[in-house]
Amino acid sequence: MTARRVVAFGGGHGLSASLRALRHCAPELDLDITAVVTVGDDGGSSGRLRAERGGLPPGDLRQALVALAGDHPATRRSAGLFQHRFAAVPVGVAGSGATRPGPAAGDDPDRDGAAPRGTDTAQGGTDAAPHGTDTAPHGTDGASAGTDGLTGHAVGNLVLCGLMELLGDPVAALEHAGAMLGAVGRVLPMSRQPVGIEARVRGADPAAPDEVHTVSGQHQVAVTTGRVESLRLTPSAPPACAEAIEAIRAADWLIFGPGSWYTSVLPHLLVPQLADAIVSTSARRLVTLNLAAEKETLGLSVADHLAALHWYLPELKVDLVLADAKAVGDPEPVERAAESLGARLVLAPVAVVDGTPRHDPAALGAALVPVLGADR
């Protein structure tokens, strides 16, 4: 049986949920998985490393690698190490030889849907976490808190940063890190060059709700309280990762979402070479919708999320839109928006059962099996 080649786009927890769901498809489908990851993060540990040492922000890349980590106990322990985040050292402990407490439950990479330790969690409980949440608890973000320079950094971020410096190529670094984790797929950056994200936001200043201002930086866009009216990358045409273009051209399926719409999903459509490959490939295309709005998408309906895809890439055609029936509510507007992209709406129970707006990887995987396994 020939493997079905799937390329998933995104960043942060949304992409992680998608990749874990694809892992759950493995018993029934032979999948060749490639993750293409945004490279605009400028907050938290990733932002500090990017500002201090240059190169790609590693946090979203790390999350994707961990989601694809193998199931051998040794690789699971390595995945846990990649997620381990250095906490602030209590007063009197530094230099004493004492060790800090063991990992919290959130460090367990085996627990599907578990958020990594610290504040590297989804905003409001969603799995579409805002970028820039690649941080330790507020006030412990590194030396600025009066602690050592390791505080707030995830070990995997440091490993990836070191590998990129050692090997001189982020793709080679990700291949090596993937081998360390026994990854069952490949992780690629959307560009070998880090990008900036800027948005024109109406009401960014609560005191002037009708004024439009430019908000710069992925983290600031993710947490804006205004309405995003337009989005752009800086530079406007970053070179796409050649290996990502090759994967798109060879793919059977492209998957967009779930994730932060403006800072995880749409940036891929703003890289001209990537957009051209997405439009011209013979692969089928699937969009997985979020379960709840985030700060950056407040005011956008579920249907508006689909309209945004067309706005930023008018040539984009989609085959299927996958959504949770409870999150969608009235399906008619979403069906119309899906049809405008050439897609059919598929409703399935894909949320975790505790009521929080997070995708359950097992349920999402079960919904994906008949979709990805169907012949044209």
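His-153 is buried, with a relative accessible area of 3%. Keep in mind that the structure is a predicted model.

**Exercise 1.** Work out where His-153 sits and which residues it touches, leaving out those up to four places away in sequence.

*Solution.* Start with the chain: His-153 belongs to the loop between α4 (73–83) and α5 (155–167). Next, check how covered it is. Buried means under 20% relative accessible area, and His-153 comes out at 3%, so it counts as buried. Finally, list the contacts: His-153 touches Ser-45, Arg-48, Leu-49, His-84, Arg-85, Phe-86 and Leu-158.

**Exercise 2.** Find the strand order in the open sheet of three strands, and explain why β5 and β6 each have a side without a neighbour.

*Solution.* Read across the sheet first: the order is β5-β4-β6, and the pairing is antiparallel. Now look at the edges. β5 (212–216) and β6 (227–234) stand there with a single partner strand each, so one side of each has no neighbour in the sheet. Then zoom in on β4 (residues 196–202), which is joined to β6 by seven bridges. Here you'll see Ile-197 opposite Leu-233 in β6.

**Exercise 3.** Decide how the rings of Phe-9 and Phe-256 are arranged, and say which strands they tie together.

*Solution.* Searching the whole structure turns up one aromatic pair. The ring centres of Phe-9 and Phe-256 are 4.7 Å apart and the planes meet at 5°, so this pair is stacked. Phe-9 lies in β1 (residues 4–10) and Phe-256 in β7 (residues 253–256), so the pair links parts 247 residues apart in sequence.

Conventions:
Residues are numbered from 1 along each chain as its sequence is written. This is a predicted model: local features need pLDDT of at least 70, side-chain atom pairs count only at pLDDT 80 or more; totals for chains, interfaces and linings use all residues. Side-chain values use heavy atoms; hydrogens and water are left out. Helices (H or I, at least four residues) and strands (E, at least two) are DSSP runs, numbered from the N terminus. Buried means under 20% relative accessible area, exposed over 50%, partly exposed in between (1.4 Å probe, protein chains only). Contact means heavy atoms within 4.5 Å. Two strands pair if DSSP finds at least two bridges between them. Rings of Phe, Tyr and Trp (its six-membered ring) pair if their centres lie within 6.5 Å; planes under 30 degrees apart count as stacked, over 60 as edge-to-face and the rest as tilted.
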